[in-house]
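Here are my notes on the model, written as numbered points. Please read them with the structure open beside the text.

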Amino acid sequence: MTVYWEVVMRNWHGVVGVGGPFVSVFLDVSDHVDLRWRAVRDQLEGAGADRESLDVLSDALLVAEPPTGMAARGLVAGAGRVLVDRYLPVPPPGAVARSGPLPYLLPFVDLAEPLLSHVVVNVGPHGADLRGVDPTGRAVAVASVGARRSDRRLGAAELADVATEVTALVDRLGAPLLVLAGPLAARRSLRVALPAGYRHLVVEVDGAPEPAVAALAGRADQDLRRAVVRRFRDESARLTGRAAHGVADVQAALERGVVETLLLTDPLVGSREAVGGRADEVLPLLAAKCDADVVLTGGSLRLHEDVGALLSS
């Protein structure tokens, strides 16, 4: 299992071995969380969701401070407690909510595809705010660097201070992406102040940096997906027996614990049924039980019944 997927899947282990019913919720928590949650709760109550699970979800959602910038949160509740609670870097286009006998885990994959580690710097006339983000979308460092005197604008000495903090954070994360936001003159001045070896990492953005960062940093999953797709095609062509196709064969392999990577075309695989329920609920839960990676292949690979698997050797 890759380091990234080990982090993601570790968060799923809370549902393994727990009996339902479950309530699974994924929503944008960047602002107005109370209003967003109220609408989702009304929808779930109307569908007959477990009241105890809704209450513990309310407690979890409404006491937390909203994070900085764009963020989503995925939660699964059951057995009277929150079993999975994770901040995600990509907000869903609309709230996703389900209640039923199985948890809905697949959006954790869809909304948390690995990011490029990156540093975002909002630079202004009097200072700069820095944020370092790891591959899971978690802010691992936040700092502010201001002018040496409150009545001064950033001059050469102050820009050197900012550049020192920025390069230290880039080095700490091994970040291949450095995003500069703020007025054009301020960010250009900082770019010039950076050591030459860091300038090739810089991308400048106008306005709020979060949408651009989501697009730029989301490239990290592409190499992983390409590698998995290539290996699946190779194993299928060679008839090695290390590639499984279709819902029934993949489910059987998951139940035997011999799946290394579960491949799904997209989160809509749930329109198909597996033994025990919806395929998009049954298969990811089995993957969590056997510590298999889960990869959404999108349009890069045609899968029989939208499902495939790479088996351990």
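1. Arg73 is buried, its relative accessible area being 5%, where buried means under 20% relative accessible area, exposed means over 50% and partly exposed lies in between, with a 1.4 Å probe and protein chains only. The side chain of Arg73 meets that of Asp85 in a salt bridge, at 2.7 Å from N to O; a salt bridge is taken as a side-chain nitrogen of Lys or Arg within 4 Å of a carboxyl oxygen of Asp or Glu. Because Arg73 lies in strand S2 (residues 72-78) and Asp85 in strand S3 (residues 81-88), the pair ties together parts that are 12 residues apart in sequence. Asp85, for its part, is partly exposed, with a relative accessible area of 33%.

2. On provenance, this is a predicted model, in which local features need pLDDT of at least 70 and side-chain atom pairs count only at pLDDT 80 or more, while totals for chains, interfaces and linings use all residues. Residues are numbered from 1 along each chain as its sequence is written, and side-chain values use heavy atoms, with hydrogens and water left out.

3. Strand S2 also holds Val76, which counts as buried at 0% relative accessibility. Leaving aside neighbours within four places in sequence, the contacts of Val76 (heavy atoms within 4.5 Å) include Val15, Phe22, Val84, Tyr104 and Phe108. Helices and strands are DSSP runs numbered from the N terminus, helices being H or I of at least four residues and strands E of at least two.

4. How are H2 and H3 arranged relative to each other? Helix H2 (residues 33-46) packs against helix H3 (residues 51-63) at an angle of about 175°, with the axes 11 Å apart, and the two are therefore roughly antiparallel. Here axes are lines fitted to C-alpha atoms over the stretch in contact, and angles run from 0 to 180 degrees between N-to-C directions, with those over 145 degrees counted as roughly antiparallel. Among the residues that meet are Trp37, Arg41 and Glu45 in H2, and Arg51, Leu54 and Leu61 in H3.

5. The structure holds 16 of them. Within H2, Arg41 forms one with Glu45, the closest N and O atoms being 3.1 Å apart; these residues lie four apart, about one turn of the helix. Arg41 is buried at 14% relative accessible area, whereas Glu45 is partly exposed at 33%. Glu45 also meets Arg51 in a salt bridge, at 3.7 Å from N to O.

6. Of the 38 residues in the largest nonpolar core, Phe108, Leu254, Leu262, Leu264, Leu283 and Val294 touch the most other members. Such a core is a set of buried Ala, Val, Leu, Ile, Met, Phe, Trp, Tyr and Cys residues joined through side-chain atoms within 4.5 Å. Helix H10 (residues 279-289) gives the most to this core, with seven residues, and a second, separate core of 24 residues includes Ala163 and Leu169.

7. H10 itself is mostly covered, 10 of its 11 residues being buried, among them Asp280, Glu281 and Leu283. After H10 comes Asp291, whose phi is positive, near 60°.

Methods
Parallel < 35°, antiparallel > 145°, perpendicular 65-115°, else oblique.
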